[in-house]
Amino acid sequence: MLVILHPGTDPELSARVLTAIEQMGGRPVPMTGYNRSAILVEGDRSRVDPRRLRALPGVEDIISDAKPFRRAARESVSEPTVLKLPGGLTIGGEEIVIMAGPCAVESAGQLLETARAVRAAGATVLRAGAFKPRTSPYSFQGLGVEGLKLLAQVRSETGLLIVTEAMDVETLEPVAEVADIIQIGSRNMVNYSLLKAVGRLNKPVLLKRGMAATITELLLSAEYILSEGNPNVILCERGVRGFDSSTRNVFDLSAIPLVHQLSHLPIIADPSHGTGDRHLVPAMARAAIAAGADGLLIEVHHQPDLALSDGGQSLFPEQFSTLMRDVHAIASLLGRRVAAAELVP
Ligand code: PEP
Ligand code: MN
C-alpha cells in the first residue's frame, strides 16, 4: 500500500499519517520524491484501514495492492481448490457437477418423480428447498422439516446428493443433517451470523451471490465461512438486479471467469434464477459452461405448470435431457467432463 501525500504537505501532517499507520500495526516507510512525497506501508497491513488514511489531511490518494479478501484470493493458494463431495464427486477441477431439481420440495411424489428424471438425464445432485425464502409471506414457504425428511428419503431411493437451503441459524442443524451441500441463498449472502455458523461446520457450502452484491462482496462473504475454518465453499452466480424487467435478473456471465481470476474457489451458475424464464435457461447454461463454470444449478420440475414456486423458470425433464447432451459436448471441447457418481442404488 502506498499513501500519496499532496505536494508540499506540512511535515506535521505527514507525521500524523505516519503515526496513524503505526497505530494500526503497519510500518511506514517515508519516500520523498522530486515534487511529492509518499509513504509506503510495510509490515502487518491486516489492520491498516485505507479509508481512515484517506480521510487524513494531507493525503491525496491510496494505492492499494492488497485484496480485501485474503483466504478466498487466488494468490493465497497455489492451485484452484478442488472440493471433494460425497460419492466420489469433485468440484473445481476437471469435473463439472450438475445440480438439478425443483425450486421447492412440494410432496413425496413430486420430489421422487423429478429426482428420477434429473438422475436419468445425468445430474448427480438434487436441488430442492425445504425452507423457502419467498419475497411474499403469503407465498408457499416450503414444507420445512417435513420437506427435509422427504429429501432424505429420496436420497436413499436415488443415490443423488442433496443441496438444500439453510435460511437461518435456528434451522441450520436439521438442514445440515440432511444436506450434502448447504445452500446459502441470495437473500442471506450478508447474513453474517449464518455465514459464521456454516463456517463452523465441515460441510460444503453453496454460497449464492446476493441480488445486488458486487464480486468483492461475494468473496468477502465467502471469507466469513473460510475464516471460521470451513474451506468447502462453492460460489454461485445467480444474476443481479438490473433496470430491465424483461428478465428476472441480469445473469452476469462475466462473473464466472472473473471469480476464477480472483479466487481459487469453484463457481457454478444458476441460469434459472439468473433469467427467470425457461426459454432462456438452456442458452445461458451452455454459455456458463463455455465460460468455465464448475457446475450448474438448474430448476427442473416434472410438471412445471403445477409448481408451487418458480414454475415458469423450471425446465421440463425433456428440455433438461437435451441440455445435458449439450453440456457434455461443451465440456469435452474444453477438456472437462460431467461428473458421474456411482449412484447407489
Ligand atoms: C433457490 O435457489 O431456490 C433460490 C431461492 O435462489 P436465490 O437465493 O438465488 O434467489
Ligand atoms: Mn427457485
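I'll start with the metal site: along the chain, the donors of the manganese ion, ligand 2, follow the spacing C-x169-H-x25-E-x10-D. Keep in mind that this is a predicted model. The protein atoms concerned are SG of Cys103, NE2 of His273, OE of Glu299 and OD of Asp310, and they lie 2.0 to 2.3 Å from the manganese ion. Where do His273 and Asp310 sit in the secondary structure? His273 is in helix α9, residues 271–275, while Asp310 is in the loop between β14 (295–299) and α11 (317–333), so this pair ties together parts that are 37 residues apart in sequence.

Now the overall layout. The chain has 345 residues, and 51% of them are buried. It contains 11 helices and 15 strands. Along the principal axes, the C-alpha atoms fill a box of roughly 75 × 45 × 40 Å. There are two parts to the division: domain 1 covers 2–63 and domain 2 covers 74–338. Their C-alpha centres are 44 Å apart. If you take contacts between residues at least 6 apart in sequence, 68% of them join residues at least 24 apart.

Next, one of the sheets. This is an open sheet of 4 strands, paired antiparallel, in the order β2-β3-β1-β4. Which strands stand at the edges? They are β2 (26–32) and β4 (59–63); each has a single partner strand, so one side of each is left without a neighbour in the sheet. From one strand to the next, the twist averages 25 degrees. Inside the sheet, β1 (residues 2–5) and β3 (residues 37–43) run antiparallel and are joined by 3 bridges. Val3 stands opposite Ile39 of β3. Helix α1, residues 11–23, packs on this sheet and touches β1, β2, β3 and β4. The direction of α1 makes about 155 degrees with that of β2.

Last, the nonpolar cores. The largest has 72 residues, and the members touching the most others are Leu151, Leu207, Leu235, Ile298 and Phe320. What is Leu151 in contact with, leaving aside neighbours within four places in sequence? The list is Val105, Leu111, Leu126, Ala128, Ala130, Ile162, Thr164 and Val178. Another core, of 16 residues, lies apart from the largest one, and its members include Leu83, Val97, Leu297 and Ala339.

Terms used: Residues are numbered from 1 along each chain as its sequence is written. Chains are lettered from A and ligands numbered from 1 in the order in which they are written. This is a predicted model: local features need pLDDT of at least 70, side-chain atom pairs count only at pLDDT 80 or more; totals for chains, interfaces and linings use all residues. Side-chain values use heavy atoms; hydrogens and water are left out. Domain bounds come from an automatic or database domain assignment. Two strands pair if DSSP finds at least two bridges between them. Helices (H or I, at least four residues) and strands (E, at least two) are DSSP runs, numbered from the N terminus. Axes are lines fitted to C-alpha atoms, for helices over the stretch in contact, and angles run from 0 to 180 degrees between N-to-C directions. Contact means heavy atoms within 4.5 Å. Donors are N, O and S atoms within 2.8 Å of the metal (3.2 Å for Na, K and Ca); water is not among the atoms, so sites may look incomplete. A nonpolar core is a set of buried Ala, Val, Leu, Ile, Met, Phe, Trp, Tyr and Cys residues joined through side-chain atoms within 4.5 Å. Buried means under 20% relative accessible area, exposed over 50%, partly exposed in between (1.4 Å probe, protein chains only).
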